[in-house]
Amino acid sequence: MVEKEFTTRIQQHKGILYKVVRLYADHPEDREDLQQEIMIQLWKSYPFFKGESAFSSWMYRVALNTALTFFKKEKRRSDSFSTSETTPEPVHEEYSDTQDQQLQIFYRALHEVNPIEKALMLYFMEGLSHREIGIQLGISEGNARVKLNRTKEKLQQIIKKYNYEF
């Protein structure tokens with residue numbers, strides 16, 4: 001019964017898993033490894049999920065913490081994202097080529113920011129408020145606002161550096 005409930009919840013929120021894995025892993029092999037590690041940690045942590053927060057919030061927290069820990073331990077290739085690498089997996093099938101290209105550029109830029117900045121952007125893209133972002137990351141609402149604004153500016157500079165425009 002618990003397995004079925006867990007599987008159903010994970011299936012309902014599989015987009016979270018995709019986003020975190022894509023954000024933190026450059027290469028397909030790394031994505032597979034990280035996705036497996038996140039699933040293991042979600043399963044191990046599931047008995048402790050008390051429902052005090054939304055399942056999606058809990059899942060984000062476990063996935064992000066796992067990603068941060070996974071790459072600290074493994075010391076993966078943090079700077080080996082090739083600009084010639086193609087990413088054949090658009091977020092939604094209805095995206096146009098232009099939108100898919102913009103998404104790839106955005107992900108490339110995200111690979112140049114630190115893990116906390118990635119987490120900030122992920123939460124922002126999910127529509128969380130500054131207060132909610134602060135709670136998820138264990139920082140104040142004001143600190144979340146400042147860090148998020150700085151991260152957005154940093155990403156804009158990275159994109160400009162590559163002469164890409166949205």
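The following conversation walks through a predicted model of a protein chain, one question at a time.

Visitor: What percentage of the residues in the protein chain is buried?
Guide: The accessible surface of the protein chain comes to about 10,300 Å², and 49% of this surface belongs to carbon and sulfur atoms. A residue counts as buried when its relative accessible area is under 20%. Of the 166 residues in the protein chain, the buried ones make up 37%.

Visitor: Is the ring pair of Y60 and Y123 stacked or edge-to-face?
Guide: A pair of aromatic rings is described by the distance of the centres and the angle of the planes. For Y60 and Y123 the centres are 5.5 Å apart and the planes stand at 70°. Planes over 60 degrees apart count as edge-to-face, so the pair of Y60 and Y123 is edge-to-face.

Visitor: Which residues do ring pairs link into a cluster?
Guide: A search of the whole structure finds eight aromatic pairs. Ring pairs also join several residues into a cluster, and its members are F6, W43, Y46, F49, F55 and W58.

Visitor: At what angle do the axes of α2 and α6 cross?
Guide: Two packed helices are described by the angle between their axes and the distance between the axes. The meeting residues are K19, V20, L23 and Y24 in α2, and P115, K118, A119 and L122 in α6. The crossing of α2 and α6 is right-handed. Their axes come within 11 Å, and the angle at which they cross is roughly 150°.

Visitor: Is L122 buried or exposed?
Guide: L122 is found in helix α6, and, not counting residues up to four places away in sequence, it touches K19, V20, L23, Y60 and L64. The C-alpha atoms of L122 and I16 are 9.3 Å apart in space, although 106 residues separate the two in sequence. Because its relative accessibility is 0%, L122 counts as buried.

Visitor: What is the relative accessibility of K118?
Guide: K118 is another residue found in helix α6. Leaving aside its neighbours within four places in sequence, K118 is in contact with L23, Y24, L110, H111 and V113. K118 counts as buried, and its relative accessibility is 7%.

Visitor: Which residues is E117 in contact with, leaving aside its neighbours within four places in sequence?
Guide: E117 is found in helix α6 and, at 13% relative accessibility, counts as buried. Its C-alpha atom is separated by 9.7 Å from that of L155, which is 38 residues away along the chain. With neighbours within four places left aside, the contacts of E117 are T151 and K154.

Visitor: How far apart in space are G134 and A144, C-alpha to C-alpha?
Guide: G134 is found in helix α7, residues 130-137, and is buried, with a relative accessible area of 0%. Not counting residues up to four places away in sequence, G134 touches I139, S140 and A144. G134 and A144 are ten residues apart in sequence, and their C-alpha distance is 5.2 Å.

Terms used
Residues numbered from 1 in each chain as written. Predicted model: local features only at pLDDT ≥ 70, side-chain atom pairs only at ≥ 80, totals over all residues. Heavy atoms only, no water. Phe/Tyr/Trp six-rings, centres within 6.5 Å; stacked < 30°, edge-to-face > 60°. Buried < 20%, exposed > 50% of the residue type's maximum accessible area, 1.4 Å probe, protein only. Areas by Shrake-Rupley, 256 points an atom, 1.4 Å probe, with all protein chains shown as cover. Axes fitted to C-alpha atoms, helices over the stretch in contact; angles between N-to-C directions. Helix = DSSP H or I, 4+ residues; strand = E, 2+ residues; numbered from the N terminus. Left-handed = near helix turned anticlockwise from the far one by under 90°. Contact = heavy atoms within 4.5 Å.
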